[in-house]
Every structure is written in structure tokens, then in C-alpha cells.
Amino acid sequence: MNAFFAVVARDLRLAFRRKAEVLSGLFFFVVVAALFPLAIGPEAVTLRHIGPGVLWVGALLASMLTLPRLFENDWRDGSLEHLVLSPHPLGLLVLGKILAHWLVSGLPLVALAPLLGLQFDLPSDALGMLALSLLLGTPVLSCIGAIGAALTLGVRGGGVLIALLVLPLFVPVLVFGAGAVEALSSGLGAQAHVSILLAMLLPAVFFSPWACSAALRIALE
Amino acid sequence: MTMRWFYYAAPQTFYGLAGRLWPWLAALALALTLAGLWVGFALAPADAQQGEGYRIIFVHVPVSWMSMVIYLAMAFWAVLGLTFNTRLSGMMTRALAPTGAMFAFLSLWTGALWGKPMWGTWWVWDARLTSELILFFLYLGYIALTSAIDDVRRADRAGALIAIVGAINVPIIYFSVKWWNTLHQGASVSLTRSPSMAQLMLWGMLLMALAMWVYTLAIVCYRVRTLIIERERHTDWVQALPEVAGAKA
């Protein structure tokens, strides 16, 4: 477990030394969320209707944008090979990297989303549900995305390729994440959606590090 | 029997087998297609509700089946390739992918052609349509990943991993989309009708499905031969092949 926390601490420290990279994802989220009302029109009723979906898609794209950096820098300077060669189980170390990545690029989105939700005139209970669904959903995105990041390591046109690989797999998270807010607003109650998001999170956390380590071994072979 | 399976697991021997098989399979596929189309378009009666327009199902249904079966077959070869480390498995997965993508696209296309006269719209966000679309994206992702990696071994193994991850996700995607749709709006159109089909319609569809199966086998044999010859071009047996040696001379 010490190795796990060491990886988390190291990745967090590295992220805070390169603040621009961290902030670019967040800034992207803010800008995208601001573009939709400009394109669709400022009517509060429409905005309230599309708000949860737009914010979810924005958060999804923002967290995907930062994925290539998950393993890229470690791969370039060779520390990834040391992680693979280390006596600690690779899955645990990869889980540490995923957690650090989520803390840096997923959690800020969760915190920011209710603020952006105000621009879409969402009521306060919907804002809370938006934050909760993102809190449960963005770790799944990081877990699935990490597999794509590991597979496309050092591959031509990696960034676009990740999008192509990972976006179809994001569909269930998007459906239930945005659906949770929708269900709450329409008075159906979001408990089922939240349960399913949680049910997706647990296997994702369990299986993703395993698949990632297989992918990293393939990439470094 | 086991000995013979492993015998054909070597690219060199499979090359010969595939070369003997594919012309026969192609001819059989052509014959079955002609028979299926004849039954479907000449013999089968017009549908009581849908008129002549229903006849697209003789293409649409077999094509949709194949698009799903081929993804399963890819996942099967992917598992085999990752566990046994055989070269041929990777080539089989690679050879199946374009055909699967084509079938998925055809399924969407013929579905749209059917939907316009029947539902009055080219596209609805129905669970089946949406998951077929996502299946198409999964095929494209696989093809993009494998063609972006130059190292053949790495491309095969990376592709195998994404094929397996995709195959695990397909049911999750299907059910999530289904639930999403039923939550959003009541299903205005349902694809599930009672299977009270005329005998001839069923025959036409089965013949076409068989034709698509055989076509897939034929095209995969053909494509695997190309892949084998491309990857094994440095070996003596490829250089000694009459088609290779003859082309050089």
C-alpha cells in the first residue's frame, strides 16, 4: 500500500508543478458549457432542459482531453518501465496513477459543475444531483479512459485515437449520469440511477487497473 | 482431431487450406444469395401491413445478425490470441473487423431505408438502432487502433485487448441505451413484432443469413491469406510460393 500512496503523491506533486496542463481541462469545460447557450439561445426553459446533458458531455470531453497525459510523460522519461519492473503489483501502481489523475482532472470538474449549472438555471436539488452523479461517474471515466491511454501509448495520432476508442465505452456512464439529473427533475427520483452508477464504478475500479497493466505490458514489450 | 486443429494453427498450413476453401465458399455464398433473393423477392408474398416495403428485411436482418456475430468472433479470436499467443488469431481478428464494420454500416443503412416508409423517419433513437451505431463505432475504434500501430505484434495484442473490453461492454451499452430510451419517452415504434411470419419469408431470411455467413467465411479466408503473405514475406515458404515467385520473375 505504501507504493500505492507513493505513486499517488508523486503524480499529484508532478501535476501541481505543471498547473497549466491541469487547468486547461477545466478551462475547456467552462468554455464548452458557455458555448451551448450561445448556440441554442438564452431561453431559460430550454437551458434548464438541456443543462444536465450539456454539462455531462462537457465534463466527459474534458476528462478525456487529459487522458493522453496519464502515462505519456512517464513513458517518455522511462519511469513507466521502472513501475512495470518494480516488485509491487503493477495493477496497484496503475490504480494509484488513475486515482491521482482523477483527483487532478475529475474532482475539479465535479466541484465546478454546480457553478456552471447556475448558468443553465438549474434548481438547487438538480445541482446537487449533478455533482453527485459526476462524483460517481467521473472515476468510471478515468478508469475506462486509462485503458485507452495505455493502449495508445506512443502511437501515431494518439489523442484522436483515444477518443475513438473510449467514447463509445463512455456511453453507459453518460446515460445514467445525465439520466440521474433528468430523473430527479422529472420527479421520478434518481435512486436507481445512482445505484447503477455505483454498480459501474466498483467493477471499473476493480478491472481497469488489471486491463491497464496488460495494455502497458503490451506497449512496453 | 486436436492434432489437426493445431496443425492448421500455423500460418503456413492455413494459407493452403484457406486458398482451397475460399473459391468454393464464395461460389456457395453467391448461390445462396441468389436463392435467398429469389425466394425473398419473387416467391414470398407481400406483407399484409407493410406491403412490398418489408422486403428489405431479407437483407437487413441477416446483415444485423452478422454484425453482432462477427464482433463475438473477434472477441473469441482475441482471447485465443492473448492466451495461446498464436499468430494466426491476431490475423483472424484483423481479417474479421472490416467485414463486421461493413455489416454494421449496412445494417444501419438498410434500417434507415426501411424506417422511412414504415415509420416516416430515417432514424429514431431506439435502443437497437443506437446500440448498433455504437457497435459500428467499436469496429471503427478497433480498426483505427490496429492500423495506427506499426509493430504487428503490438497491434494484434492491443487490438485483442480492446476487442475484449468492447465485447464486455456491448451488453452494458445495450441495456443502458434501452433503459435510457424507455425512461425518456414511451416507445413510439417497436421493432418487436409477433413472429407470425409466412413460411416463405422465413425461408428467404434463413437463406440470406446462411449466405452472409458463408460470404463472411470466404472473405475472411481471402483476407487472412493476404495478411499471412504480407507478414511472412521474409520466410522461405512464402518466397517459394508460385504466386510470389511467379510475380517476381
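Two residues are taken to be in contact if their C-beta atoms, placed from the backbone, lie within 7 Å. The structure described here is a predicted model, with an ipTM of 0.84 and a pTM of 0.86.

On this criterion, Ile98(A), His101(A) and Trp102(A) of helix α6(A) meet Thr138(A), Pro139(A), Ser142(A), Cys143(A) and Ala146(A) of helix α8(A). When these residues are sorted by class, the contact of α6(A) with α8(A) comprises 5 nonpolar and 3 polar residues, and no charged residue takes part. Two packed helices are described by the angle between their axes and the distance between the axes. For α6(A), which covers residues 90-105 of chain A, and α8(A), the axes come within 10 Å and cross at roughly 130°; the two helices are therefore oblique to each other. The crossing in which α6(A) passes α8(A) is right-handed.

Helix α6(A) also packs against helix α1(A), which spans residues 2-17, and here the axes come within 8 Å and cross at roughly 35°. The crossing of α1(A) past α6(A) is likewise right-handed. From α1(A), the contact draws on Ala3(A), Phe4(A), Val7(A), Val8(A), Asp11(A), Leu12(A) and Ala15(A), while the residues contributed by α6(A) are Leu92(A), Leu93(A), Leu95(A), Gly96(A), Lys97(A), Leu99(A), Ala100(A), Leu103(A) and Val104(A). By class, the contact of α1(A) with α6(A) is made up of 13 nonpolar residues, 1 polar residue and 2 charged residues.

Between the chains, 23 residues of chain A are in contact with 22 residues of chain B. On the chain A side, the elements that give two or more residues are α8 (124-151), α9 (158-185) and α10 (191-220), and α9(A) provides the largest share, with 11 residues.

As regards confidence, chain B has an average pLDDT of 83, and 90% of its residues score at least 70. Over residues 184-191 of chain B, however, the pLDDT is below 50, and this stretch has 7 contacts in the model beyond near neighbours in sequence.

Terms used
Residues numbered from 1 in each chain as written. Chains lettered and ligands numbered in written order. Predicted model: local features only at pLDDT ≥ 70, side-chain atom pairs only at ≥ 80, totals over all residues. Helix = DSSP H or I, 4+ residues; strand = E, 2+ residues; numbered from the N terminus. Axes fitted to C-alpha atoms, helices over the stretch in contact; angles between N-to-C directions. Parallel < 35°, antiparallel > 145°, perpendicular 65-115°, else oblique. Left-handed = near helix turned anticlockwise from the far one by under 90°. Nonpolar A, V, L, I, M, F, W, Y, C, P; charged D, E, K, R; others polar. pLDDT = per-residue confidence, 0-100.
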